[in-house]
Amino acid sequence: MDELFETCTLIQTRTIRNFPIVVYGTEYYKPLREFFAQMITAGTIAEADMKLVLFTDDVQEGMDHIQKYLRENFNKKPIKPSPWLFESKLIRTVFRKATP
């Protein structure tokens with residue numbers, strides 16, 4: 001919980017931007033979701049910030065949420081094989097921050 005609220009604070013203060021948060025267990029975290037709704041109503045957090053938080057029970061939906069963030073914010077770039085890692089062909093990919 002500490003890391004969740006710390007991440008939400010970093011999003012709110014714009015220290016990090018468009019960072020996806022996936023919370024697994026919709027029924028278990030229902031009180032947390034209601035608490036977030038109260039915070040939005042009170043104006044302590046923005047509704048736009050909470051659009052980055054996904055409450056789900058589906059692993060694929062969570063992965064899609066994260067992959068959408070990666071596609072929108074990073075450029076996928078293949079890297080050359082590393083002889084130090086005994087790689088003979090292109091098998092690794094890195095994500096580089098997209099330039100505006």
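Student: How does R14 count by relative accessibility, and what is the percentage?

Tutor: R14 counts as partly exposed, because its relative accessibility is 43%. Buried means under 20% relative accessible area, exposed over 50%, and partly exposed in between, with a 1.4 Å probe and protein chains only. This is a predicted model, where local features need pLDDT of at least 70 and side-chain atom pairs count only at pLDDT 80 or more, while totals for chains, interfaces and linings use all residues. Residues are numbered from 1 along each chain as its sequence is written, and side-chain values use heavy atoms, with hydrogens and water left out.

Student: Where is R14, and what is its phi?

Tutor: R14 lies in the loop between α1 and β1. Its phi is near 65 degrees, a positive value in a residue other than glycine. Helices (H or I, at least four residues) and strands (E, at least two) are DSSP runs, numbered from the N terminus.

Student: Which residues of α1 are buried?

Tutor: In helix α1, residues 2–12, the buried ones are L4, T7, C8 and I11. They sit on the same side of α1, because they cover an arc of only 100 degrees around the axis. That arc is taken from the directions from the helix axis to the C-beta atoms.

Student: What do those buried residues pack against?

Tutor: The buried residues of α1 pack against β1 (21–24), α2 (30–42) and α3 (47–50). Contact means heavy atoms within 4.5 Å.

Student: Zooming out, what's the order of elements along the chain?

Tutor: The pattern is α-β-α-α-β-α-β-β along the sequence, for 4 helices and 4 strands. The chain has 100 residues, and 26% of them are buried. Of the contacts between residues at least 6 apart in sequence, 50% join residues at least 24 apart.

Student: What about the largest nonpolar core?

Tutor: The largest nonpolar core has 13 residues, and those with the most contacts inside it are L4, I21, V23, F36, V53 and F55. Elements giving two or more residues to this core are α1, β1, α2 and β2. A nonpolar core is a set of buried Ala, Val, Leu, Ile, Met, Phe, Trp, Tyr and Cys residues joined through side-chain atoms within 4.5 Å.

Student: Which residues does V23 touch?

Tutor: Leaving out residues up to four places away in sequence, V23 touches L4, Y29, V53, L54, F55 and T56.

Student: L54 is on that list. Is L54 buried or exposed?

Tutor: L54 counts as buried because its relative accessibility is 16%. L54 is in strand β2, residues 53–56.

Student: Now the surface. Which residues make the nonpolar patch?

Tutor: Y24, V59, M63 and I66 make a nonpolar surface patch of about 340 Å². Helix α4 (residues 59–73) gives the most to the patch, with 3 residues. Like charges are joined within 9 Å, and nonpolar side chains (Val, Leu, Ile, Met, Phe, Trp, Tyr) within 5 Å.

Student: Why does V59 count as exposed?

Tutor: V59 counts as exposed because its relative accessibility is 54%.

Terms used
Patches are made of residues with over 30% relative accessible area and no salt bridge: like charges are joined within 9 Å, nonpolar side chains (Val, Leu, Ile, Met, Phe, Trp, Tyr) within 5 Å. Accessible areas come from the Shrake-Rupley method with a 1.4 Å probe; for residues, only the protein chains shown count as cover. A salt bridge is a side-chain nitrogen of Lys or Arg within 4 Å of a carboxyl oxygen of Asp or Glu.
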